[in-house]
Amino acid sequence: MSKVILAPSILTANTRYLDIELGIAEFSGAEYIHVDIMDGLFVANKTWDASFLASFSKKTKLVKDVHIMVVEPWKWIVRLAKAGADIITFHLEACKDEQDVTRTIDLIHKCGKKAGIAISPNTTSHALFPFIHKLEQILIMTVVPGKGGQSFLPSALAKVREIRHEIDEFTIGEKPLIEVDGGINRLTGRLAREAGADILVAGSYLYGHPDFKERAAHLLKL
Ligand code: DX5
Ligand code: ZN
């Protein structure tokens with residue numbers, strides 16, 4: 001099994017003390033920081049724009065793993081790339097058609113960044129298959145996107161298994177990593193790892209807890 005990568009989600013961090021919140025993630029062994037961009041259209045909530053990312057991206061060694069829950073994702077790419085995103089993951093459901101998906105992936109690559117596609121709980125793994133070979137990352141949502149602190153949906157595990165199988169059997173060269181996002185804790189993180197996930201996003205399980213480091217250590221051992 002691959003080494004687990006931990007991606008604490010800044011959505012549930014206290015952004016008034018961003019330096020401290022980034023520091024604790026780094027100090028606890030995380031390699032990524034997960035940044036959720038929501039536009040109030042693709043999902044009901046609205047979070048930040050590229051300027052928020054620019055305000056801290058140079059201050060941390062963590063990989064900036066940017067998950068965009070927005071309509072017309074291609075419009076956000078250049079700004080996010082300039083603001084310091086390392087990986088940009090957009091939603092398949094936000095694209096009009098196959099051409100739109102491909103154009104968005106190509107734009108991310110043209111900006112010199114890694115590209116990911118996310119799928120929401122109602123989207124099948126098969127919808128992703130045509131794009132797997134073009135991607136560095138695949139994000140399986142394990143909750144309905146839009147807010148932190150929700151319960152993990154076990155139905156997402158079958159999708160992780162299907163995509164793991166597709167990647168292992170049918171890709172050559174560099175394999176995209178599988179990320180899971182939503183309701184991840186010690187128990188659900190283990191289930192996701194057993195199903196084949198490489199990257200665990202965790203927000204409310206880590207942030208706001210004095211034992212962040214111990215909790216992160218549990219996830220890093222899965
Ligand atoms: C939800 C976001 C998640 C969120 C996860 O739409 O994409 O990244 O921060 O938070 P938890 O771990 O609390 O479910
Ligand atoms: Zn996310």
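This is a predicted model: local features need pLDDT of at least 70, side-chain atom pairs count only at pLDDT 80 or more; totals for chains, interfaces and linings use all residues.
Let's look first at what surrounds the ligand. There are 19 residues around ligand 1, and those that come nearest are Ser9, Asp36, Gly146, Asp181 and Ser204.

The side chain of Ser9 places an N or O atom 2.7 Å from an oxygen atom of ligand 1. For Asp181, a polar side-chain atom is found 2.7 Å from an oxygen atom of the ligand. In the case of Ser204, an N or O atom of the side chain lies 2.5 Å from an oxygen atom of ligand 1. Taken on its own, ligand 1 has 390 Å² of accessible area, and the protein covers 100% of that.

Let's finish with a closer look at Ser9, one of the residues that come nearest to the ligand. Ser9 belongs to the loop that runs between strand S1 (5–8) and helix H1 (18–27). Its relative accessible area is 5%, so Ser9 counts as buried, the cut-off being under 20%. Leaving aside residues up to four places away in sequence, Ser9 touches His34, Asp36, Val201, Ala202, Gly203 and Tyr207. One of these, Asp36, is also among the residues that come nearest to ligand 1.

Technical notes: Residues are numbered from 1 along each chain as its sequence is written. Chains are lettered from A and ligands numbered from 1 in the order in which they are written. Side-chain values use heavy atoms; hydrogens and water are left out. Helices (H or I, at least four residues) and strands (E, at least two) are DSSP runs, numbered from the N terminus. Buried means under 20% relative accessible area, exposed over 50%, partly exposed in between (1.4 Å probe, protein chains only). Contact means heavy atoms within 4.5 Å. A residue is near a molecule or strand if one of its heavy atoms lies within 4 Å of it. A polar contact is a pair of N or O atoms within 3.5 Å; within protein, one must be able to donate a hydrogen and the other to accept it, and residues adjacent in sequence count only if both atoms are side-chain atoms. Accessible areas come from the Shrake-Rupley method with a 1.4 Å probe; for residues, only the protein chains shown count as cover.
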